[in-house]
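Open the model in your viewer and keep the selection tool at hand. This tour goes stop by stop, saying what to pick and what is there.

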Amino acid sequence: MEPLTGAILRIVGKITDFYELLTRFFQVYLPMQQFNRRNQISASQQQQQSDETEVSLSGDEIGNSGESELTPPFIVGMDKPLREVKKLLLELEEEDDESSVIVVTAPGGCGKTTLVKQICQDPDVKGKFKDIFSFKAEHNNLLAVPGFKTNGVDAIHRWVKRLRKNQTQTSSLLLVLDDIWGETDHRDVPEFPLHKFVEFKIPKCKILVTSRYEFPRIGFTYKLDLLDDEQSKKLLRHTAFLRDGDKDYDDVVDKIVKRCCGFPLAIQVVGGSLRGLPVVVWKSRALELCEGQSILDSGEGLLDCLQRSLTSLKAKLKECFMDMGSFPYHEKIPVTALIDMWAELYQLDINGVHAISNLRKLSLQNLLNLEVMRKDATEDEAWYDDDTYVLQCELLRDLAIRQSSHKPMEERERLFLDLTGNKLFPEWRSKEVQPCIVKAHLLSISIDKMFSSSWCNMKGPQVEVLIINFQTMEKHYTLPDLKRIRLERVSVPTLCNTMVKLENLEKITLVMCNINQTFNNCSIQIPVENLPNLQEINIDSCNDLVGLPKWLCDLVHLRKLSITNCHKPSTLSKRIGRLKNLEVLRLNACRKLEELPKTIGSLNKLNLLDISGCFRLRKLPE
């Protein structure tokens with residue numbers, strides 16, 4: 001009887017397994033297939049409509065399908081990211097609720113989706129997770145879930161519970177949420193209800209997210225790097241069908257790759273547009289790019305992809321992003337310069353709290369990178385240090401400029417004049433009506449040593465911020481109405497001979513300047529009445545500064561004085577005690593500074609003294 005009983009039990013077990021399989025199929029997989037089929041039909045009917053206000057998130061089972069159509073035909077530069085994200089996915093402690101979410105983040109067109117598709121087809125991942133379901137977002141985060149009339153994360157949770165009901169609790173599930181969008185508000189973190197997945201505490205479930213946004217408070221964040229030069233050249237050659245032995249193309253490939261900034265999508269678009277064309281056409285395209293034509297003009301898809309990153313930006317934040325086009329793409333932009341600029345343009349607080357918040361938001365959305373060089377500073381100190389920079393790649397800078405260039409040049413709110421390489425002034429400036437009047441609130445002019453054209457008679461009565469990126473200072477300019485002056489890598493003349501009355505000047509910043517004649521000549525005395533409202537002076541990395549001039553200590557309205565990374569001063573003038581309104585004194589990294597004058601004790605309003613990095617300073621005045 002026992003063998004017969006065992007056989008019956010085995011048969012009952014098989015029938016039970018078959019019943020569970022059928023139940024799972026009709027409750028989960030069949031609705032999913034029907035949902036996908038409807039989505040495909042709907043997508044084919046609406047493929048020309050790109051501005052929908054409600055876009056669904058479709059689901060697709062990809063975990064156990066063998067060789068999938070999702071596997072890209074050619075992959076480059078993904079070995080390291082695949083290895084690192086896969087390790088995170090397989091080795092995270094399952095007891096840690098926060099570890100259930102991994103966010104892969106990068107700007108649009110960098111290969112996030114390609115990476116995730118590779119991960120889902122990896123044998124180790126497929127062996128770890130019994131089921132892998134992928135959901136793809138198009139524009140917004142309205143989640144349409146198969147088999148449910150309601151939308152959203154809650155519907156996905158109920159869908160997962162239905163799936164789990166017909167599974168053993170020991171089987172693992174991987175949910176892939178591809179191209180999830182964040183939305184900024186007054187906080188620094190893009191909003192998407194990922195935290196709900198953590199709150200649901202779905203057992204044995206991992207969520208792998210790709211997004212242009214960072215979600216720093218949820219799970220783990222993996223920043224996907226851009227391609228390096230060798231990877232970029234390999235992808236460009238493959239896309240354009242170039243053979244490895246085509247040496248005639250080597251030089252032009254190098255030039256084009258540099259302008260693509262390591263964005264895989266940009267490389268593929270350019271390569272596709274040049275596919276099969278002779279080398280002379282390649283050289284012509286490379287020359288156009290070197291002469292200033294944007295890589296965004298290379299073909300359809302690239303501009304749309306990057307432009308979508310701006311759709312969720314609030315109006316003021318988008319304005320700040322567009323302002324980033326004012327600076328050369330290869331330059332590090334000091335955060336302090338942006339604080340000054342936005343204080344004038346948008347009446348933000350002069351201490352930079354709102355400006356720093358905007359930079360954080362743009363950074364979290366991968367529209368710029370923040371680089372803090374001073375590692376010993378607190379977070380608050382770092383923002384106001386000239387060693388904290390903003391970096392922006394050329395593609396995103398071009399995108400910022402394009403957003404500001406829809407109107408005729410003389411009517412734009414931001415006017416960017418790139419006159420490097422001996423480019424001529426725009427045609428509108430040569431009109432018979434002189435002077436040329438622009439309506440811009442922000443005017444940025446870039447000139448290098450090759451510029452030889454005659455200067456335009458230009459007036460900007462509404463200009464609030466003037467950014468001059470000069471690589472030559474052979475001409476003279478008079479700018480009496482400025483509120484803030486920032487000079488980098490220039491020789492500052494003897495001010496007593498050239499000084500005009502700057503009634504509105506509130507702040508002077510000198511970075512890596514030659515200031516010997518102005519500051520170290522004790523015989524020079526600048527009338528302080530020429531600077532009646534000057535409240536802040538910043539001097540950074542001016543290697544010829546020996547000490548403070550007498551006239552500076554007569555600026556009784558001065559509230560902030562910063563002398564950093566200047567290695568020659570050994571002491572400060574005793575006259576510094578006359579600065580009765582001084583609140584902040586920064587002397588960071590003045591390595592030869594040996595003592596402070598006793599008169600510093602009379603600065604009753606002083607609330608911050610920074611002497612970090614002053615290694616020879618042994619004691620403070622009593």
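Start by selecting Cys 614. In this predicted model, Cys 614 counts as buried, because its relative accessibility is 7%. Now ask which cysteine sulfur is nearest to that of Cys 614. Select Cys 590: its sulfur is the nearest one, 5.2 Å away. Cys 614 is in no disulfide.

How many disulfides does a search of the whole structure find? The count is 0.

**Next stop: helix 12**

Select residues 315-323, which make up helix 12. Which of its residues are buried? They are Leu 317, Cys 320, Phe 321, Met 322 and Asp 323. Now show what covers them. The cover includes three helices: helix 13 (335-345), helix 14 (353-364) and helix 16 (394-403). Strand 10 (414-418) and strand 12 (442-447) are also part of the cover.

Asp 323 is buried, with a relative accessible area of 0%. Arg 414 counts as buried as well, at 6%.

**Into the loop**

Step on to Pro 328, in the loop between helix 12 and strand 7 (333-334). Is Pro 328 buried or exposed? It is buried, because its relative accessible area is 16% and the cut-off is under 20%. Show its contacts. Leaving aside residues up to four places away in sequence, Pro 328 touches Arg 397 and Asn 469. Then select Gln 392. It lies 64 residues from Pro 328 in sequence, yet the C-alpha to C-alpha distance is 9.2 Å.

Select Glu 394 and Arg 259. Their side chains form a salt bridge, with 2.3 Å between N and O. Glu 394 sits in helix 16 and Arg 259 in helix 8 (residues 250-260), 135 residues apart. Both Glu 394 and Arg 259 are buried.

Move to Asp 124 and Lys 86. This pair also meets in a salt bridge, at 2.5 Å from N to O. Asp 124 is in helix 4 (residues 123-128), Lys 86 is in helix 2 (residues 79-91), and 38 residues separate them. Asp 124 counts as partly exposed at 45% relative accessibility, whereas Lys 86 counts as buried at 17%.

How many salt bridges does a search of the whole structure find? The search finds 27. For a network of them, select Asp 340, Glu 344, Lys 483, Arg 484, Glu 506, Lys 507 and Glu 536 together. Salt bridges link these residues.

**Last stop: the surface**

Select Leu 277, Val 280 and Val 281. They form a nonpolar patch on the surface. Together they have about 210 Å² of accessible area. Pick out Val 281, in helix 10 (residues 279-290). Val 281 counts as partly exposed, because its relative accessibility is 31%.

Technical notes. Residues are numbered from 1 along each chain as its sequence is written. This is a predicted model: local features need pLDDT of at least 70, side-chain atom pairs count only at pLDDT 80 or more; totals for chains, interfaces and linings use all residues. Side-chain values use heavy atoms; hydrogens and water are left out. Patches are made of residues with over 30% relative accessible area and no salt bridge: like charges are joined within 9 Å, nonpolar side chains (Val, Leu, Ile, Met, Phe, Trp, Tyr) within 5 Å. Accessible areas come from the Shrake-Rupley method with a 1.4 Å probe; for residues, only the protein chains shown count as cover. A salt bridge is a side-chain nitrogen of Lys or Arg within 4 Å of a carboxyl oxygen of Asp or Glu. Helices (H or I, at least four residues) and strands (E, at least two) are DSSP runs, numbered from the N terminus. Buried means under 20% relative accessible area, exposed over 50%, partly exposed in between (1.4 Å probe, protein chains only). Contact means heavy atoms within 4.5 Å. A disulfide is a pair of cysteine sulfur atoms within 2.5 Å.
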